[in-house]
Amino acid sequence: MKFTKSTSLLTLPLLGQAVLGAHIAIKTPQGDVKPDSYVVVLKSGIDKAEHISTLSQVNAFNTGSEITHHRRQYFAVLNGYAAILKGDALTHVLTSSEVEYVEADAIARINWHEKLKPYPAEETDAKQDDHQVETRASGGAGSKFISSDTGIYTAHSCFGGRASWGATFGGYANADGNGHGTHTAGTAVGTSFGIATQAHIVAVKVLSDSGSGAYSDVIAGVNWAYSQFQSNHVPSIATMSLGGPQSSALDSAVNAVSRIQSYALFGRNSNVNAATTSPADVAAANTIGAVDNNKVKASFSNWGAILDVWAPGVNILSAWIGNPSATNILSGTSMATPYVAGILAVALGEYGQVSPATLTNNLKSHAQAVVTGQPSGTTNLFATLW
């Protein structure tokens, strides 16, 4: 998939005169975007089906435009859709009185580090807390962990038959060809690596094997995870160890479901304020930072008031792709996030379903105020089981 670099409202290619005469300015996140792809959010009360039907008639006269994510894929998270729009179709959308805003389709990426020195001191951090969990908890039995990532190698032995494939968005193969999604899943629920070792794990692939993907596909993954919760009411934790530039559409989608379903989001690894990235800037979700074995802020971890808690994220041993016993050691907030998701899954298994707000409050009220090295205004809470 080719991406286009964008730095302002008017630098997208192929917009031409449609932008100059538009009633709506296209929101353009910083960084790469998927060419000619947009997330369209409609005004409150607008019938999405009727709007898309009208747009489809325009598309019939405009080769190259198509609806990529429609009513079914966005029904729960946005009154909108995603589409490839060119020429008359783009002009129709930008001048429609039914449209609240149009956003260029930004690119989400994973971000992690290979094994950091010194070793093996940091690598033991998550494992030590895991042993404490196993002696106190049911391991998240009866709960579900939904991972939107590069997919999961479901045949890995650490999952013990508890892993299944849920959905794929973006046209990718139903497999983890990267390893990141498998590693994060193992950190959350894998035997010998994870916290919630009896929880079920579901793969939602929204990123390519190179570790990137369109926000429109990520939003579809959010919608899918929420729809599963709504259909079966199994206590579940959804997680995304991915991110990118700030996006109104992605943040709105995560915020819409975070009132009903708990989300754990990684703070990213740029050593900047996490509130400047999406979806880490969603206050209703749980945003996680990474610490080392001594509970000192990892040098790469983002920070800021948006962070809820910190968790181990340096030299974390977990599952990998290739064979059922493969392992790898990675560092990043990507590793810290599933650690917290595992704790939340155990809490759901132990105490039953509660609101996301209650679960977050319990997470923070039982956390330990022991983290050091973080900037002023950032929490010092280290996530622990309760």
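**Strand S2 and its partners**

I began with Val41 and looked for its bridge partner in S4, which is Gly80. The model is predicted, and I kept that in mind throughout. Strand S4 covers residues 80-84 and pairs with S2 in the antiparallel sense. I found five bridges between S2 and S4.

Next I turned to strand S5, residues 99-109. S5 also pairs with S2, over six bridges, in the antiparallel sense. I checked what stands opposite Leu42 in S5, and found Val99.

**An open sheet of three strands**

I then looked at another sheet. Its strand order is S6-S18-S17, and the pairing is antiparallel. The sheet is open. Its edge strands are S6 (113-114) and S17 (316-319), each pairing on one side only.

Helix H6, residues 180-189, packs on this sheet and touches S17 and S18. I noted an angle of about 105° between the direction of H6 and that of S17.

I also looked up how S6 joins strand S18 (residues 327-331), and counted two bridges in the antiparallel sense. At this pairing, His113 stands opposite Ser331 in S18.

**Helix H10**

Which residues of H10 are buried? In this helix, residues 356-366, they are Pro356, Leu359, Thr360 and Leu363. Seen down the axis of H10, these buried residues fall within an arc of 100°, so they line one face of the helix. I recalled the general rule: an α-helix has 3.6 residues a turn, so residues three or four places apart point the same way.

I turned to the face of H10 directed away from the buried side. The exposed residues Ala357 and Ser365 sit there.

What covers the buried residues of H10? I listed several elements, including the strands S11 (236-240), S13 (262-266), S15 (286-291) and S16 (309-312). The helices H8 (248-258) and H9 (333-351) are also among them.

**Helices H7 and H8**

From H7 they are Tyr215, Val218, Ile219, Val222 and Tyr226. From H8 they are Ala249, Leu250, Ala253, Val254 and Val257. I sorted the residues of this contact by kind: 10 are nonpolar, none is polar and none is charged.

**Backbone details in the loops**

Last, I went through the loops. The peptide bond from Ser278 to Pro279 is cis, with omega near 0°. Pro279 is in the loop between strand S14 (277-278) and S15.

Ser192 has phi near 80°, a positive value in a residue other than glycine. I located Ser192 in the loop between H6 and strand S9 (200-205). Ser192 is partly exposed, with a relative accessible area of 40%.

His233 is another residue other than glycine with a positive phi, here near 55°. I found His233 in the loop between H7 and S11. Is His233 buried or exposed? His233 is exposed, with a relative accessible area of 55%.

Terms used
Residues numbered from 1 in each chain as written. Predicted model: local features only at pLDDT ≥ 70, side-chain atom pairs only at ≥ 80, totals over all residues. Heavy atoms only, no water. Pairing = 2+ DSSP bridges. Helix = DSSP H or I, 4+ residues; strand = E, 2+ residues; numbered from the N terminus. Contact = heavy atoms within 4.5 Å. Axes fitted to C-alpha atoms, helices over the stretch in contact; angles between N-to-C directions. Buried < 20%, exposed > 50% of the residue type's maximum accessible area, 1.4 Å probe, protein only. Arc of directions from axis to C-beta. Nonpolar A, V, L, I, M, F, W, Y, C, P; charged D, E, K, R; others polar.
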